[in-house]
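Here's a quick briefing to read with the model open beside you. Take a look at the structure first, then work through the notes.

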Protein chains: 2
Amino acid sequence: MKEEVKEILSHPRSQTEEVQALQDTIYVIGGKWKLPIINSICNGNKRFREIERSIPGITTRMLSRELKDMEMNGLIKRTVYDSSPVLVEYESTEYCHSFGDIILQMIKWGKAHRKKIKAGK
Amino acid sequence: MKEEVKEILSHPRSQTEEVQALQDTIYVIGGKWKLPIINSICNGNKRFREIERSIPGITTRMLSRELKDMEMNGLIKRTVYDSSPVLVEYESTEYCHSFGDIILQMIKWGKAHRKKIKAGK
DNA sequence: TTCATTGGTATACTCCGTGATACTGGTTAC
DNA sequence: GTAACCAGTATCACGGAGTATACCAATGAA
C-alpha cells in the first residue's frame with residue numbers, strides 16, 4: 001500500500017482540524033491565570049479582593065489585566081454599583097460556562113497527579 | 001449570618017484544593033506546544049518530521065526542546081533503531097494518556113468556538 | 001550530480017507575560 | 001489619628017518562551 005494512502009487511513013478523524021481546534025483553545029485560555037480566574041468566579045466569588053484572595057500567587061496587576069481582557073471578550077460581566085463606597089461585582093457569562101468541562105478535567109488531573117506524587121513518589 | 005460563615009457555606013467543595021489542582025495542571029501542560037505534541041503522538045505520529053508537519057507553526061527547535069523535556073518527565077518514550085540511516089520513534093506512555101480527557105474537551109471547545117465564529121460572527 | 005529527506009543542534013534575537021513594589025482616594029473601624 | 005479595607009493604576013524590570021535562520025552528516029531518489 002502506498003505510504004500516502006496508509007497515512008490517510010490511519011487517521012480517520014481529521015487530524016488537521018483537531019490540532020487547529022486545540023491551538024485555538026490554547027490561544028483563548030492560555031497563560032497562567034485565565035482558567036483559575038474563571039473557576040473562581042464560577043465558584044461564586046464576585047468581588048475583586050475576594051477573587052484575588054482565592055487565587056494563590058496572583059497579583060492585583062495581573063488580576064486587573066486579565067479581568068479587563070476577559071470582559072472585553074465576553075467571558076465575564078462587570079457591574080459597578082453606585083453605592084458609597086463603590087461596589088464592583090464580577091459575574092460569569094454563559095459563554096464562560098463553556099469552559100466548565102475543561103476546567104473540571106484539569107482539576108481532576110491535578111488532584112490525581114498530586115495524589116500520585118504523594119503516594120508512590 | 002456572619003460573612004465568614006456565609007462564605008464557607010457557599011463553597012462546599014474545597015475551593016483552595018481545586019485552584020491548586022488547576023494550577024498544577026496548568027504548570028505541567030502549560031505553554032503553546034505540549035498538548036498539540038501529545039495529541040499528535042497519541043494520534044499515531046511517531047517520527048520527528050511527521051510530528052513536526054502535523055503541528056502548524058512549530059519549529060524544529062521547539063519540538064526538539066519539548067520532546068526532550070517530555071521524555072525526561074515520562075510523558076513519552078523515545079526509541080532509536082540502529083538501522084541505517086538511524087530511525088527514531090516517539091511513543092506516548094500510559095501517563096501521557098491521562099491527558100486524554102483534557103485534550104478531548106479542548107478540541108471540542110475549539111471546534112464549537114470556530115463554528116460559533118463562522119455562524120453568528 | 002544535485003536535490004530532498006531525516007533527526008536534529010547552534011546561534012542570535014525579540015517580545016511580552018509576569019513579578020515586585022508602591023501609590024491613590026474614599027470609607028469604615030478602633 | 002491611624003490603621004485597614006476596597007478597587008484598582010503606575011512604573012520598572014526580568015527571564016524565558018518562542019522565532020528565525022542556518023547548518024550538520026548520512027541516505028536515497030531523479
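Predicted model: local features only at pLDDT ≥ 70, side-chain atom pairs only at ≥ 80, totals over all residues.

Residues are numbered from 1 along each chain as its sequence is written, chains are lettered from A and ligands numbered from 1 in the order in which they are written, and side-chain values use heavy atoms, with hydrogens and water left out.

**Layout of chain A**

- Chain A has seven helices and two strands; helices are DSSP runs of H or I with at least four residues, strands are E runs of at least two, and both are numbered from the N terminus.
- Going along the sequence, the order in chain A is α-α-α-α-α-β-β-α-α.
- Of the 121 residues in chain A, 41% are buried (buried is under 20% relative accessible area, exposed is over 50%, and partly exposed is in between, with a 1.4 Å probe and protein chains only).

**Salt bridges between the chains**

- Over all chains, the structure holds seven salt bridges, each being a side-chain nitrogen of Lys or Arg within 4 Å of a carboxyl oxygen of Asp or Glu.
- As background, side chains of opposite charge can pair when their charged atoms come close.
- One of the bridges links B:Arg114 and A:Asp24, with 2.8 Å between the closest N and O atoms.
- That pair crosses between chains, running from helix H7 (residues 100-120) of chain B to helix H2 (residues 15-29) of chain A.
- B:Asp24 and A:Arg114 also form a salt bridge, with their closest N and O atoms 2.8 Å apart.
- Here B:Asp24 sits in helix H2 (residues 15-29) of chain B and A:Arg114 in helix H7 (residues 100-119) of chain A, so this pair joins two chains.
- As for cover, B:Asp24 is buried at 19% relative accessible area, while A:Arg114 is partly exposed at 34% and B:Arg114 is partly exposed at 36%.

**Inside chain B**

- B:Lys34 and B:Glu66 meet through their side chains in a salt bridge, 3.4 Å from N to O.
- B:Lys34 belongs to helix H3 (residues 34-42) and B:Glu66 to helix H5 (residues 60-72) of chain B, so the bridge ties together parts that are 32 residues apart in sequence.
- Both B:Lys34 and B:Glu66 are buried.
- Helix H3 of chain B also holds B:Pro36, which is buried with a relative accessible area of 1%.
- From C-alpha to C-alpha, B:Pro36 is 9.0 Å from B:Ser54, and the two are 18 residues apart in sequence.

- A:Glu50, in helix H4 (residues 48-54) of chain A, is buried yet has no salt bridge.
- The nearest side chain of opposite charge to A:Glu50 is A:Arg47, 5.6 Å away (Lys and Arg count as positive, Asp and Glu as negative; His and the chain ends are not counted).
- A polar atom of the A:Glu50 side chain lies 3.1 Å from the backbone nitrogen of A:Lys46.

**A positive patch on chain A**

- A:Arg61, A:Arg65, A:Lys68 and A:Arg78 form a positive surface patch; patches are made of residues with over 30% relative accessible area and no salt bridge, with like charges joined within 9 Å and nonpolar side chains (Val, Leu, Ile, Met, Phe, Trp, Tyr) within 5 Å.
- Helix H5 (residues 60-72) of chain A gives the largest share of the positive patch, three residues.
- A:Lys68 is in helix H5 of chain A and counts as exposed at 55% relative accessibility.

Methods
Areas by Shrake-Rupley, 256 points an atom, 1.4 Å probe, with all protein chains shown as cover. Charge placed at Lys NZ, Arg CZ, Asp CG, Glu CD. Polar contact = N/O pair within 3.5 Å; in protein donor to acceptor, adjacent residues only side chain to side chain.
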